[in-house]
Structure formats: C-alpha cells, structure tokens
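Reader: I would like to learn how to read a chain and its interface. Please take me through it feature by feature.

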Amino acid sequence: MNFDMGAITPSLGFLMQGLRYSVQLTLVATAVGIGFGTLLALARLSPLRWLNLAAAGYVNLFRSVPLVLVIFWFYLLVPLLMGVQVGAERSAYLTFAIFESAYFCEIIRAGIQSIGRGQVSAGLAMGFTYGQNMRYVILPQAFRNVVPLLLMQVIILFQDTSLVYVVGATDLLGAASKVANRDNSLVEMYVAVAVIYFVISFVLSRLVKRLHSRIAIVR
Amino acid sequence: MSAYQWHWGVIFEPVPDTGEFYYQWLLSGLGWTLTTALAAWCIALLVGTLVGVARTVPNRLVSGLATAYVELFRNIPLIVQMFLWFFVLPEFLPAAVGNWVKQDMPLPAFSTAVMALGIYTAARIAEQVRTGILTLSRGQKNAGLAMGLTLWQTYRYVLLPVAFRVITPPLTSEFMNIFKNSAVALVIGLTELTFQMRQITGEYAPANPIEVMTITSVLYLLVAFSANRLMAWLERKTRIPGTIGGGQS
C-alpha cells in the first residue's frame, strides 16, 4: 500500500471550499435550530394541550426517522412545493434547520425543567407576564445550564452535515469524494477527510469540556 | 403541487421486468435494516462494555487506550467511517487478506456495515457504561475487593449489574439510534430500507415518490416505537427495588 500525500495537496483548496459549506450549514442550522427549538420547548411545556401535542408530535417524528431519509425528503419536496430546482446545497439548509430543531428542543426543554418551580412563581408574583418571565427569569438560567449540551450538539450537527453527501452536495466529504473519484485517490482523500473531521471535532469537544468544568465550579 | 397524482397503491404494483412487487423491495430493505442494526448492536454492546470498563480500571495504559478508542470513533462522522472500512482498510491489510476482503468476502456491504456501525456505536456505549460505573459509590468497588473478589469478579458481580440498570434510559436511545444510523450504510451499497426507497423513487416510480417515502417513514417510526417499547419492558423487568425508579416490591 502506498499513501501519496501528493494526491491531497493540489485539491486542498477545493476541500476547504467544501469545509466552508459544511461550517455554514452547521452555523445556519444551529441558529435556526436554537431559535425554533426554544419555541418548540416552550410549546412542549405549555399548558395548552393542542400546542403541547403538536410540538411533541413534531419532535418525536424527527427523532424517530434517520437523518438520511429526511435529507431525501426535503431534496424531493422543496422543488415539488416551490416549483423550482434549488439544488442539494440549498435544500440542505432547510433540512438541517428543521431536523435539528427537534434535538435542540429536547436539550432546551431539559434546561427549563431544571429550573426550580419557585422561580416561575417568583417571576409571576413580581408582576411579570408569561413572556417577560421567560425572557428575563427562566430562559437565561435554562440556557446557562445547558450551554455545554448545546455546544456538544453543535459538534454532532457538524459531523452530521457530512450526510448531505447522499444528495450530491459539495460539503467537505462531497468535495473529497469528487476528487477521489476523479483522481482515483480514494484512500488518500478519505483519510484526509477523516483527519480534518477528527481534528475539528476533537478540539471543539475538548474546549466544551473545559468550559463545562468552569461553569460547574461557578454553580 | 396541484398536478401531483396521488396513488397510494403504488407499492402493490409489480416492478417492471422483474416479477417482483415494490412492497417486497421495501420489506426486504426493512429486513436488512433490522438484521444490520441487531448484528451491529451485539458488537456494540460487547465492545462498548469492554472499552467502558477499561476506561475505569486502575491502569493508565489500559484506560488511556480505551479513551483513545472513544475519542477516535466519536469524532469522525459515521459516513466517513463507513468509507474508511470499505475503501481504505483493505488497502492497509496484508495483500492476501486485502484481496480476500475486496473480492471474496461474503456480503461485503453487510459485513462492512455491521462492523462500522458496531464499532461506532460501541464508542458511545462505552461512554455510558463508564458513566454508569462512575455513578456507583466508591465503596461498592472497595467492598467487592475486600470480600476477596478479584477486580474482574468485582466488575462482573458487583459493579456492572447495577451500572447497566442505571444506564438503561440512555442505552434505549442508543438502541433506537442504531436502527436509524444503519441507513447511512446505503452509501456502501447495503440494500437496506432507505436504499430501497431511493431505488424505487429514483429509477422506477418517479411519479409517486411522496407515497413511497411516507410508507418508508412509517416503517421507521414503527421500528423506533418497537425498539422503545422493548427497552421499556427490559427496564421494568430489571429495575432495582428500593430505588426511585424501582417501585415498592
């Protein structure tokens, strides 16, 4: 077996383009996912039964089917509903935002549930409305409690973006596999991709762990 | 969207030129999904327990190796790991073995998928086994050793039986994950459920993809639900009397 580093270097620029898309996809899905996930979490904890059930149905649906299947769903549905071809890269933004919301929702819900009931009562007794109470009392504490979990989910999300390969998008893996098939350098390309994913995920998860231990002391 | 012709019976139609029906393809895919996930689960439980235990033993070398295993397999996406096992590993094996893997290994996609999925899930199970062991009070281990049990016996008869009960809830979600994750194996050509769905909607019945995908999704929901119920039953059966989750008896 000969491993040819020379097979990787000329394509590094293309790989980095792919990586850029992976990162963008991760950031957009995180931003939308946390926003929508928070709304879903509030809905799941709402006393309104219909809202509660709708949110639970949404979350359980997306947590029960494979992400690969959801990627195919949106790849097919988005053009059907919008009547135009938007391409794999763009439909993936929607896929990940919607899919990851379900996972972020569960983390944020756990955060809210970890807050003592007295906090809610205290806020209401102060004359806060439900919205104010959430905004100024509950959510800041809830988020603080689950920051490490949210960040770990972002790392998982970053790894999951590699699945857009199945619809031919040019993320990091997609870029590598295109080069690999063109140059017949499967071994070099897949090893390179594995190393890049590993270094990024490993370093980030170490940072999250350090953050976690610092927060833990404060509490 | 208005032009879409709904036809739910599409899966009961015959596949052109084969004498088979679409629903048979989906069922065969479901069979491969279940077989792959369950076979990988056996590997994952075995390896995951060993690695999880290894992370807690008082031996720096062993626990260091176990930590390296977990970090390695948790920080590379599963789909990349599938490619590594399928395309890269055979190139690094001795020529004779590598050629056997590439040419003569029975069910190449299935064997590789089971291996990759099992090893990947093992890293996640190892973390849970370790957490489970660490939640037990230190006295448990000392008591075991003081009784004259060897370290191995202490793990086998004192620590693990309790640790596994503690981690049943996270193991449940891991058990549900493994069925979902098996869909990734379509990239190395395993003809599991999503692969079959893709094949049907892509090449054969492009007019009715929504129906085929809905039915596929429902099958996955059923699998997830069954896996969840099975683990809930197991949790009830094995719970420890006297703990908060354990009820009265």
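Reader: Which share of the contacts in chain B with a separation of 6 or more comes from residues 24 or more positions apart?

Author: Contact means heavy atoms within 4.5 Å. In chain B, residues 24 or more positions apart account for 73% of the contacts with a separation of 6 or more. This is a predicted model: local features need pLDDT of at least 70, side-chain atom pairs count only at pLDDT 80 or more, and totals for chains, interfaces and linings use all residues. Residues are numbered from 1 along each chain as its sequence is written, chains are lettered from A and ligands numbered from 1 in the order in which they are written, and side-chain values use heavy atoms, with hydrogens and water left out.

Reader: How many helices and strands does chain B have?

Author: Helices (H or I, at least four residues) and strands (E, at least two) are DSSP runs, numbered from the N terminus. Chain B has 10 helices and 0 strands. Its C-alpha atoms fill a box of roughly 75 × 55 × 30 Å along the principal axes.

Reader: What part of chain B is buried?

Author: Buried means under 20% relative accessible area, exposed over 50%, partly exposed in between (1.4 Å probe, protein chains only). Of the 249 residues of chain B, 47% count as buried.

Reader: Now the interface. How many residues of chain A are in contact with chain B?

Author: 36 residues of chain A touch 33 residues of chain B. Next comes buried area: the accessible area (1.4 Å probe) that two parts lose on being put together, summed over both. Between chain A and chain B this is about 3,200 Å², and carbon and sulfur atoms give 78% of it. In chain A, F72(A), W73(A) and Y190(A) lose the most area to chain B, together 17% of what that side buries.

Reader: How many salt bridges are there between chain A and chain B?

Author: A salt bridge is a side-chain nitrogen of Lys or Arg within 4 Å of a carboxyl oxygen of Asp or Glu. The count between the two chains is 2. One of them joins the side chains of E71(B) and R206(A), at 3.1 Å, N to O.

Reader: Which elements of chain A give two or more residues to the side that touches chain B?

Author: They are helix 2 (49-64), helix 3 (67-82) and helix 8 (186-218) of chain A. Helix 8 gives the largest share, 13 residues.

Reader: Is V147(A) buried or partly exposed?

Author: V147(A) is partly exposed, with a relative accessible area of 28%. V147(A) lies in helix 6 (residues 130-160) of chain A.
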